[in-house]
Amino acid sequence: SKVPSITLNNGVTMPQLGFGVWQVENDEAFTTVGQALDAGYRSIDTAAIYGNEEGTGKALAASGIPRDELFVTTKLWNAEQGHDSTLRAFDASLAKLGLEYVDLYLIHWPLPSKDLYVETYRAFEKIYAEGRAKAIGVSNFLPGHLERLMGETSVVPAVNQIELHPQLSQAESRAFHARHNIVTEAWSPLGQGRGLLENPAIAELAAKHGRTPAQVVLRWHLQLGNVVIPKSVTPSRIAENIDVFGFELDDEDLATLARLDTGTRLGPDPATFDVA
Ligand code: NAD
């Protein structure tokens, strides 16, 4: 496929562009993930809390695509943090997906107030040692959480999946990840389609390149070195969002997009989010 791969810190390769399935119903996931696979996506980002691991797994199986050409990510939900509960939750996710291994397993949120992420990650290290996750990592971790985790465990997280789009460019986290050889994966890369794609500066860049606003934003991520996982249930948009390898933003375009950074989150603040 035309999607380039990124090599994680343990040598595993991950497509730089994948398909996110948050807010896709389990029944709908079979069709939607099938459409994404048909369009050329090979990386799928789900989570236990999305409730669609089963539908996702069925679509993967029905596709007939060899397992080693797929990259499947799922995430441990907050309520299951803790050593034994993590091992049980992982088994349940694998069973729902109908897989023998996942490519990437992530701690969904750090929940600093619960203080369980180190213990949780030790269970992740076991799962990794058994080869049942080819890589392990985290999501929504701030640099301070990563520092503590790396100080107390031995496998450096391969990935930190964080909210990231032109209005929240996460320069500090990206620099921290780069120093520690952790790949930055952008969630809500299109800003959830809430306003960002109507921004006039982005519309202007889209016109300049003969592309759509979503394609300009995805191109920005790729040129920053991020892994991206845009979501859509609309076949034309699913196709549009992977057709981003035939043009390039120049320095001036990147500077224009850099000016959109307001530091505003769409999602919760990982420092305080503690919903389980
Ligand atoms: P996104 O930024 O991918 O935006 C998706 C929305 O943008 C769509 O629902 C649609 O309304 C619109 N859209 C998509 N393609 C478009 C196009 N080509 N043109 C116009 N509008 C378009 O939002 P997301 O779903 O929040 O994020 C992507 C993925 O990131 C999720 O599906 C999930 O896998 C992951 N995620 C992870 C976390 C986390 O805590 N780790 C949180 C949120 C999302």
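Predicted model: local features only at pLDDT ≥ 70, side-chain atom pairs only at ≥ 80, totals over all residues.
A residue is called buried here if 20 or more other C-beta atoms lie within 10 Å of its own, exposed if 12 or fewer, and partly exposed in between, with C-beta atoms placed from the backbone.

1. Residues are numbered from 1 along each chain as its sequence is written.

2. Just after H2, Gly 64 has a positive phi of about 70°.

3. Look next at Tyr 50, in the loop between strand E4 (43–45) and helix H2 (53–63). An unreviewed UniProt entry marks Tyr 50 as "active site"; such annotations may be inferred rather than shown by experiment, and their positions follow the numbering used here, with feature names shortened. Tyr 50 has 21 other C-beta atoms within 10 Å, so it is buried. Beyond its neighbours within four places in sequence, Tyr 50 is in contact with Val 21 and Trp 22 (contact means C-beta atoms, placed from the backbone, within 7 Å).

4. His 108 carries the UniProt annotation "binding site", again from an unreviewed entry. The loop that holds His 108 runs between strand E6 (104–107) and helix H4 (117–129). His 108 counts as buried because it has 20 C-beta neighbours inside 10 Å. Apart from neighbours within four places in sequence, its contacts are Ala 47, Ile 49, Lys 75, Leu 76, Trp 77, Asn 78 and Ser 139.

5. What surrounds the ligand? The shell has 26 residues, of which Gly 20, Leu 190, Gly 193, Ala 214 and Lys 231 are the closest (a residue is near if its C-beta atom, placed from the backbone, lies within 6 Å). Helix H9 (residues 235–242) gives the most to this shell, with three residues. By class, the shell has nine nonpolar, 13 polar and four charged residues (Ala, Val, Leu, Ile, Met, Phe, Trp, Tyr, Cys and Pro count as nonpolar, Asp, Glu, Lys and Arg as charged, and the others, Gly among them, as polar).

How values were computed
Helix = DSSP H or I, 4+ residues; strand = E, 2+ residues; numbered from the N terminus. Contact = placed C-beta atoms within 7 Å.
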